[in-house]
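Let's go through this one together, a question at a time. Have a look first, then we'll talk.

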Amino acid sequence: MNKLLGQENVKQRLKSSVINRNVSHACIFEGEDGSGKKTFSEAYSMAIQCEKGTGEPCMECPSCIKALSRNHPDIIHVIHERPNSIGVSEIRDQVVSDVMIKPYSSQYKIYIIAEAEKMTAEAQNALLKTLEEPPSYAVIMLLTNNILNLLPTIISRCVRFRLNPLDSGTVNRYLTEELNVDRYQAEMYTALARGNLGRAKSLIGDESFNAIKDEASRLVKNIRELKMSRLSALVKLLDKNRVAAGNFLDILLLWFRDVLMFKVTGLTDELAFKEEVSEIKSEASDYSCEGLNKAIEAVEEARKRLNANVNFEMTIQLLAFEIRSSLINDPQGKSPAVQEK
Ligand SMILES: [Zn+2]
């Protein structure tokens, strides 16, 4: 558990609960996707079941070895069939009835319910019965990115562990030292990750990410000659892929922040797009602070529209036009005509 990054307070509480044999029957790990809920709940389960009981998984006793290969009979990962909901029958079969059977080889029987916010109201009510009168050996762990979707009666029976975003130095060090990410790349991933290690890792492993990044920087570089054909290609690339569209907007934001920061401070140390420093310098001299701020607002606005399910193609096109009209100062008050082809 010591190897897990950050969250010192949570780690301390988890460890002392194991050492003091004060493990709660129910707990909630809450935090956004990628914040480490799965990693923490699994490490905690191992620590609880570890035969040495030091508060840390020893990684070598039979229990730890079984847990590492996900073969521990008394650590149960609750699964669900439909991607967006956990039904009452799944909770009944995998938790409520199963918990009546004593642990196979350990003192505790642990259930990990990931994406607990997807439990239907019926499923939560079924689980509530178990939480109200749990067998002495039962430990139920709920992982959720949105605690508001859980019934207050469930929440009130659980100990809560909140996983907060990590500071950027921690994320950056992990990327460069543990994952051997190139220093320049690491700065960009760190900035885009906003303290979320899972997000940083998924960006690194995402092959489409570089294409999206190139597309975003091409859009900004060629904003004066905005072509409908290029916009259509962009929409096609991002089409209906929430993650890709989110990454695209994040990259644009980060880009404009870089230009604005260089314009205001003249410093390049803190730039996320260090490899594009000459382009950033030239844009900083071309664009006004006001225009850059407006472009940033346009990106934030586009994010809101996408979250509100406004038409995807229209949102991306509108965004491109808004960025152009924010950045390009037209004394006549008319924006240049969009070029076809
Ligand atoms: Zn062990």
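Me: Before anything else, what pLDDT do local features need here?
Reply: Residues are numbered from 1 along each chain as its sequence is written, and side-chain values use heavy atoms, with hydrogens and water left out. This is a predicted model, where side-chain atom pairs count only at pLDDT 80 or more, totals for chains, interfaces and linings use all residues, and local features need a pLDDT of at least 70.

Me: How many helices and strands are in the protein chain?
Reply: Helices here are DSSP runs of H or I with at least four residues, strands are runs of E with at least two, and numbering starts from the N terminus. The C-alpha trace spans about 80 × 40 × 30 Å along its principal axes. Within it, the count comes to 15 helices and five strands.

Me: How far apart are the C-alpha centres of domain 1 and domain 3?
Reply: The bounds come from an automatic or database domain assignment. That gives domain 1 (8–162), domain 2 (167–205) and domain 3 (206–327). Between the C-alpha centres of domain 1 and domain 3 the separation is 41 Å.

Me: What share of the 341 residues in the protein chain is buried?
Reply: Buried means under 20% relative accessible area, exposed means over 50%, and partly exposed is in between, with a 1.4 Å probe and protein chains only. The protein chain exposes about 17500 Å², with 49% of it supplied by carbon and sulfur atoms (areas from the Shrake-Rupley method). The buried share of the residues is 48%.

Me: Among contacts between residues at least 6 apart in sequence, what percentage join residues at least 24 apart?
Reply: A contact means heavy atoms within 4.5 Å. Taking the pairs at least 6 apart in the protein chain, the part joining residues at least 24 apart is 71%.

Me: Which residues coordinate the zinc ion?
Reply: Donors are N, O and S atoms within 2.8 Å of the metal (3.2 Å for Na, K and Ca), and water is not among the atoms, so sites may look incomplete. In sequence, the donor residues are spaced C-x7-C-x2-C-x2-C. Each gives its SG, at 2.3 Å, and the residues are Cys50, Cys58, Cys61 and Cys64.

Me: And what is the geometry of the zinc site?
Reply: For tetrahedral, four donors need all angles between 85 and 135 degrees. The ideal angle for four tetrahedral donors is 109.5 degrees. Here the angles among the four donor atoms of the zinc ion run from 103 to 117°, so the site is tetrahedral.

Me: Are Cys50 and Cys61 buried or exposed?
Reply: Cys50 and Cys61 are in the loop between α2 and α3, eleven residues apart. As for accessibility, both Cys50 and Cys61 are buried.

Me: What is the phi of Met59?
Reply: Met59 sits in the loop between α2 (37–49) and α3 (62–68). Its 45% relative accessibility is why Met59 counts as partly exposed. Its phi is positive although the residue is not glycine, near 70°.

Me: What about the phi of Glu115?
Reply: Glu115 belongs to the loop between β3 (109–113) and α5 (121–132). Glu115 is partly exposed, because its relative accessible area is 34%. Phi is again a positive value in a residue other than glycine, and for Glu115 it is near 50°.

Me: Which residue's backbone oxygen does the side chain of Lys118 reach?
Reply: Lys118 lies in the loop between β3 and α5. Leaving out residues up to four places away in sequence, Lys118 touches His80, Pro83, Asn84, Ser85 and Ile86. The backbone oxygen that the Lys118 side chain reaches, at 3.1 Å, belongs to Pro83.

Me: With which residue does the side chain of Glu276 make a polar contact?
Reply: Glu276 is in the loop between α12 (242–265) and α13 (277–286), and it counts as buried because its relative accessibility is 17%. Not counting residues up to four places away in sequence, Glu276 touches Ser217, Lys221 and Trp255. A polar contact is a pair of N or O atoms within 3.5 Å; within protein, one must be able to donate a hydrogen and the other to accept it, and residues adjacent in sequence count only if both atoms are side-chain atoms. At 3.3 Å, the side-chain partner of Glu276 is Lys221.

Me: Is Val264 buried or exposed?
Reply: Val264 has its place in helix α12. Its C-alpha is 12 Å from that of Asn293, 29 residues away in sequence. With 59% relative accessibility, Val264 counts as exposed.

Notes:
Tetrahedral: all angles 85-135°; square planar, octahedral: opposite > 155°, others 65-115°. Areas by Shrake-Rupley, 256 points an atom, 1.4 Å probe, with all protein chains shown as cover.
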